[in-house]
Amino acid sequence: ADVDFDASEWAVVQKRGSDVRLIRIAARASDPTIAPPVLTLVQDLAEKLGAELAILQQSWARADAIYADAFARVSKDAAADLRWMRAAACGAIASPGVDALHAFESEVAQFASSDPLCIDTVLRYAQLAATFTPIVFRGASPLERYSALGTPYDAALAPNAVAERILAATSDSRHVFIVTSEAAFDAGSRDVVTILAHHGAWLTPRDGAPLPATRWFLVAPRLHVRDAMHGPFDDFVHAEAFAAYLADGDLPPTRSSLPNFTEPTRSYIAALALLGTHIPRDTAQHFLEQFLFNGALEELAHDGVCSVDDDAFVFASDAIRDEASRLVPAASRPSICRVAATHCDGVNAALLWLDAGDVEHAVATLEQTTFADARAIVEAFHHIPADVLTPELASQYAHALIDCGRYRDARDVAPNDELVLARAERRMGDYTTALTRLERLEPTFDASLLRAEVLRLLDREEEAQQILATFDSGSRLLAYERALHGADLTLDDPYLAARLATYRALEQSDFESAREAADDAHEHARVLTEAIDASLDRVFSAFSAGAWDDARAIAVEALREVEETQGDRAAGGILFTLAYLAADDAQWAHAAQRIARLR
């Protein structure tokens with residue numbers, strides 16, 4: 001773990017005129033139990049640099065999100081190229097890892113690794129630490145006797161004589177024998193290695209205790225995106241797709257190679273790829289008829305690319321379908337996309353209309369599309385250019401972003417929508433500003449309900465009840481708000497009913513029931529913001545029950561959810577609880593660090 005920030009451990013290097021680099025040149029280790037959070041270290045660095053990042057105004061965030069925020073800033077106005085900035089987004093814990101390197105210093109054993117980075121790492125470590133001497137047996141030529149041993153030996157010597165000489169030369173210090181390029185070993189070298197096998201420590205491709213492979217890492221905007229990525233990432237961080245990955249979590253497209261189709265099969269398959277991966281048979285047939293194809297769909301089937309069953313024309317994978325769609329010639333793409341759009345619906349149809357240059361049809365399609373949930377809206381709309389969205393669509397997109405915890409993004413999408421801004425401020429804990437906005441708005445149902453909620457959070461319950469009394473609606477949220485103010489109502493929404501049960505149990509000091517209800521609410525949460533609110537209830541219920549170890553564990557879990565957002569106010573309550581628990585356990589450093597973050 002790192003220690004407190006020290007400006008003397010950093011230096012500036014300038015190359016090629018405008019390419020200025022800030023480089024870490026020294027580091028000190030710290031006890032992990034007292035080490036400051038990464039966020040605190042970055043805050044100290046940013047203050048020294050005068051770098052004002054919006055994310056550092058939050059009480060908590062993942063370190064990855066700090067990089068993404070900085071990248072977005074420098075991408076807009078950096079004079080220098082961003083090669084080093086991009087390269088800093090990825091890296092690796094090279095095989096075999098620190099524990100294995102220490103094992104080479106102390107153990108006499110055989111280790112195995114086929115990772116190409118492993119040998120380089122061991123050789124570099126030997127240079128730095130000087131605690132053992134590596135001897136590399138590298139296959140050179142199977143035709144030259146003893147060519148893999150590195151040192152020339154008389155070909156007339158017997159293998160045991162050569163082995164004895166090697167043992168004599170390595171007896172006065174610790175040596176590690178490394179075998180590589182084994183396929184190019186000559187017979188004599190193999191015999192020598194077999195004789196030496198039980199002497200000293202060994203690193204071979206196969207025989208021995210397996211060593212960890214290289215672990216690649218990459219900055220990720222969200223955890224589920226990180227889990228889907230596999231290294232190495234050196235090429236990806238310099239690719240055009242990297243910016244979209246950081247901003248929206250877009251995974252890079254998987255490229256697939258296609259066979260060389262002859263025409264017109266190539267064009268027909270490319271056109272079908274515009275419709276999707278799984279195309280109803282009737283739709284595919286009718287679509288191709290627009291291009292004078294009257295044969296059977298089976299004529300277009302090709303192993304590993306596409307197939308036809310009783311109901312549909314199916315591409316083997318999304319990646320293959322994407323690759324096939326790129327075969328549509330640029331000159332004819334607009335006209336083909338126009339025809340394809342009439343055979344699709346939803347976002348796919350809207351994107352096809354945009355490719356055809358018909359913005360009006362694209363917007364009309366989006367306005368008529370029903371989405372499963374907020375995440376589906378965000379996933380769909382971020383592919384649509386912002387200047388295409390009508391105010392109504394922008395508002396729909398922004399509210400979905402808020403449900404997904406992306407509050408700053410929502411404000412950017414709909415900067416003039418006061419209800420969107422108020423919802424974002426409410427989630428980020430700026431209740432007073434949110435209330436001021438809502439008081440300026442026309443008292444629609446949604447605005448009034450949010451205003452009542454904010455008044456309740458500000459302990460102005462009487463005013464909140466007056467607002468709630470002016471509406472007569474079957475809204476589940478209205479019923480929930482009234483129930484929170486004491487109305488004897490039964491809620492049929494499982495999430496809201498569980499949250500209400502949590503509060504009623506807490507009022508009765510029935511902490512076990514409160515914990516069960518909070519867990520139930522978390523299980524029924526539909527969007528990220530609901531999950532975070534339920535997590536806060538879980539922390540408070542466990543804390544109130546005196547189960548402080550459980551409260552600490554739940555709080556850490558809850559912070560992981562908050563880290564997926566752009567500054568949810570729940571982080572404050574969670575950090576306060578963790579600071580209290582740390583202080584009670586005499587963990588003064590942890591308590592002080594969390595209080596510092598809160599301040």
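In what order do the three strands of the open sheet lie? In this predicted model, the order is E10-E12-E11, and the pairing is antiparallel. Strands E10 (278–280) and E11 (306–308) form the edges, each pairing on one side only. On average, neighbouring strands of the sheet are turned by 15° against each other, direction ignored.

**Strand pairing**
- Strand E11 is joined to strand E12 (residues 312–315) by three bridges, and the two run antiparallel.
- Within this pair, Val308 stands opposite Phe313 of E12, and Cys306 stands opposite Phe315 of E12.
- E11 and E12 form a hairpin, with three residues between them.
- E10 also pairs with E12 in the antiparallel sense, over three bridges.
- The bridge partner of His278 in E12 is Val314.

**Side chains of E12**
- Ala312 and Val314 point one way from E12, whereas Phe313 and Phe315 point the other way.
- All of these residues are buried.

**Helices across the sheet**
- Helix H10 (residues 265–273) lies across E10, E11 and E12 and runs at about 95° to E12.
- Helix H11 (residues 281–289) likewise lies across E10, E11 and E12, running at about 80° to E10.

**Nonpolar surface patch**
- Val12, Val20, Leu22 and Leu49 form a nonpolar patch on the surface.
- Together, these residues have about 360 Å² of accessible area.
- One of the patch residues, Leu49, lies in helix H1 (residues 38–49).

Note on methods: Residues numbered from 1 in each chain as written. Predicted model: local features only at pLDDT ≥ 70, side-chain atom pairs only at ≥ 80, totals over all residues. Heavy atoms only, no water. Pairing = 2+ DSSP bridges. Helix = DSSP H or I, 4+ residues; strand = E, 2+ residues; numbered from the N terminus. Axes fitted to C-alpha atoms, helices over the stretch in contact; angles between N-to-C directions. Contact = heavy atoms within 4.5 Å. Patch = residues over 30% accessible without salt bridge, like charges linked within 9 Å, V, L, I, M, F, W, Y side chains within 5 Å. Areas by Shrake-Rupley, 256 points an atom, 1.4 Å probe, with all protein chains shown as cover. Salt bridge = Lys/Arg side-chain N within 4 Å of Asp/Glu carboxyl O. Buried < 20%, exposed > 50% of the residue type's maximum accessible area, 1.4 Å probe, protein only.
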